[in-house]
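Thanks for coming. Please look at the structure on the screen, and I will go through some of its side chains, its pocket and a few backbone angles.

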Amino acid sequence: MAKRDYYETLGCDRGADETVLKASYRKLAMKWHPDRNQGDAEAEVMFKEVNEAYEVLKDPQKRAAYDRFGHAAFENGGGGPGFGNDFASSFADIFDDLFGGSMGRGRGGGQARGRGSDLRYNMEITLEEAFVGKTAQIKIPTSVACEACSGSGAKPGTQPKACRTCGGAGKIRHAQGFFTLERTCPTCQGRGSVIEDPCSACGGAGRVTRERALSVQIPPGVEDGTRIRLGGEGEAGVRGGPAGDLYIFLSIEPHPFFQREGADLYCRVPISMVTAALGGAVEVPTIDGDKTKVKIPEGTQSQKRFRLSGKGMPILRSRSAGDMYVQVVVETPQKLTKRQKELLAEFDKDSSGETHPESTGFFAKVKEFFQGAAGEGA
């Protein structure tokens with residue numbers, strides 16, 4: 001019986017690219033896989049044909065030979081696709097789909113060592129500390145390498161021995177029909193070695209729990225929510241495995257004077273009605289612990305902002321800094337004396353449109369509005 005065309009087997013055109021070929025192959029391989037069609041001889045044949053076709057067409061050189069000579073290119077010892085261990089490894093992605101990645105293809109192979117967990121530490125700092133930066137000393141409870149066994153987990157003077165089940169490979173291969181499966185060795189859990197005499201100090205884990213002191217450098221300009229990573233300062237790995245990382249998450253305390261937006265600072269400053277009307281100067285604090293004077297022009301309105309260039313927060317990893325904005329709020333006087341009330345009443349009586357241009361203009365427009373509405377209703 002003549003073999004079917006490989007492109008026809010995969011349901012692809014001859015010009016199909018690698019992505020299309022792989023997608024079609026994965027779909028058909030899963031459809032005809034023996035584990036999903038137990039006892040179905042036709043499914044087993046189809047599965048073989050799909051695998052054989054993809055083995056040729058996924059290889060540029062084999063595909064070129066097939067496009068030119070057809071099946072004859074691989075007859076009489078022409079280097080056709082085989083079905084040994086290389087065949088099994090080429091279907092690793094299919095095994096992941098079918099078995100959820102449980103085929104034992106762990107990182108690091110037979111000598112896999114458990115990486116330590118990453119740790120998180122929450123740190124709160126003041127806005128002033130975020131401005132200048134600081135070196136913080138912290139203590140964290142974590143797992144560290146056992147000193148008694150140097151992290152090996154074996155009793156001092158002994159060494160872990162090669163696993164007899166897998167021969168130190170960490171994986172066990174199992175032949176099933178025409179292909180081979182690999183799974184993690186259940187005896188050594190993929191490490192390739194076993195500990196016959198565990199260390200009494202750590203129970204064979206290779207690590208113990210200790211409180212560790214660390215120095216953390218906080219750079220100037222950090223913002224709320226900044227994350228600082230300290231590589232290798234997390235939990236120690238199992239039996240000499242690599243340590244995890246430590247992540248410092250920063251939060252900044254609210255400040256009594258300043259609100260922050262990026263690198264800019266905002267300060268709300270109340271001023272008297274007299275200062276706003278006649279002009280003057282107010283002294284305001286700055287984040288560097290100093291103070292500066294802000295000149296208030298005559299006739300300043302409430303909510304007016306004054307910009308102080310370069311008086312904001314430093315920009316992280318830069319020599320630049322943000323600005324500081326002073327927003328003045330005109331305070332209405334309270335609990336006036338009788339004389340003060342008389343003076344204000346006299347002032348209001350003598351006021352003109354030039355004294356209060358905004359309110360005069362507003363009420364003039366209101367008057368026009370109502371006059372217009374009355375005219376339309378007549």
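The sulfur of C185 lies 3.7 Å from the closest cysteine sulfur, that of C188, which is too far for a bond. The cut-off for a disulfide is a pair of cysteine sulfur atoms within 2.5 Å. C185 is buried, at a relative accessible area of 0%. For that word, buried means under 20% relative accessible area, exposed means over 50%, and partly exposed is in between, with a 1.4 Å probe and protein chains only.

Before I go on, this is a predicted model, in which local features need pLDDT of at least 70 and side-chain atom pairs count only at pLDDT 80 or more, while totals for chains, interfaces and linings use all residues. Residues are numbered from 1 along each chain as its sequence is written, and side-chain values use heavy atoms, with hydrogens and water left out.

C166 counts as buried, with 13% relative accessibility.

Now the aromatic rings. A pair of rings is described by the distance of the centres and the angle of the planes. Rings of Phe, Tyr and Trp (its six-membered ring) pair if their centres lie within 6.5 Å; planes under 30 degrees apart are stacked, over 60 edge-to-face, and the rest tilted. The whole structure has four aromatic pairs. One of them is Y25 with Y54, which is stacked because the centres are 4.0 Å apart and the planes are at 5 degrees. This pair links distant parts of the chain, 29 residues apart: Y25 is in helix 2 (residues 18-32) and Y54 in helix 3 (residues 41-57). Helices (H or I, at least four residues) and strands (E, at least two) are DSSP runs, numbered from the N terminus. Y25 and Y54 are both buried.

Y266 and Y325 are also stacked, at 5.1 Å centre to centre and 15 degrees between the planes. Again distant parts of the chain are linked, with Y266 in strand 11 (residues 264-272) and Y325 in strand 15, 59 residues apart. Y266 is buried, at 18% relative accessible area. There is also an aromatic cluster made of Y6, Y7 and Y66.

Next, the largest pocket. On a 1 Å grid over the protein atoms alone, a pocket is an open set of points where a 1.4 Å probe fits, with protein on both sides within 12 Å along at least five of seven lines; lining residues have an atom within 4 Å of a point. The largest pocket holds about 920 Å³ of space, where volume is the space filled by probe spheres set on the points, and points are joined across faces, edges and corners. Which residues lie nearest its centre? Out of 24 lining residues, they are M273, A277, F347, T355 and H356. At least two lining residues come from each of helix 8 (273-278), strand 15 (324-331), helix 9 (338-350) and helix 10 (357-377).

Last, the backbone. Most residues other than glycine have a negative phi. S150 is not a glycine, yet its phi is positive, near 60 degrees. S150 sits in the loop between strand 2 (134-145) and strand 3 (161-162), and counts as exposed at 66% relative accessibility. Q303 has a positive phi too, about 75 degrees. Q303 is in the loop between strand 13 (291-296) and strand 14 (305-308), and is partly exposed at 45%.
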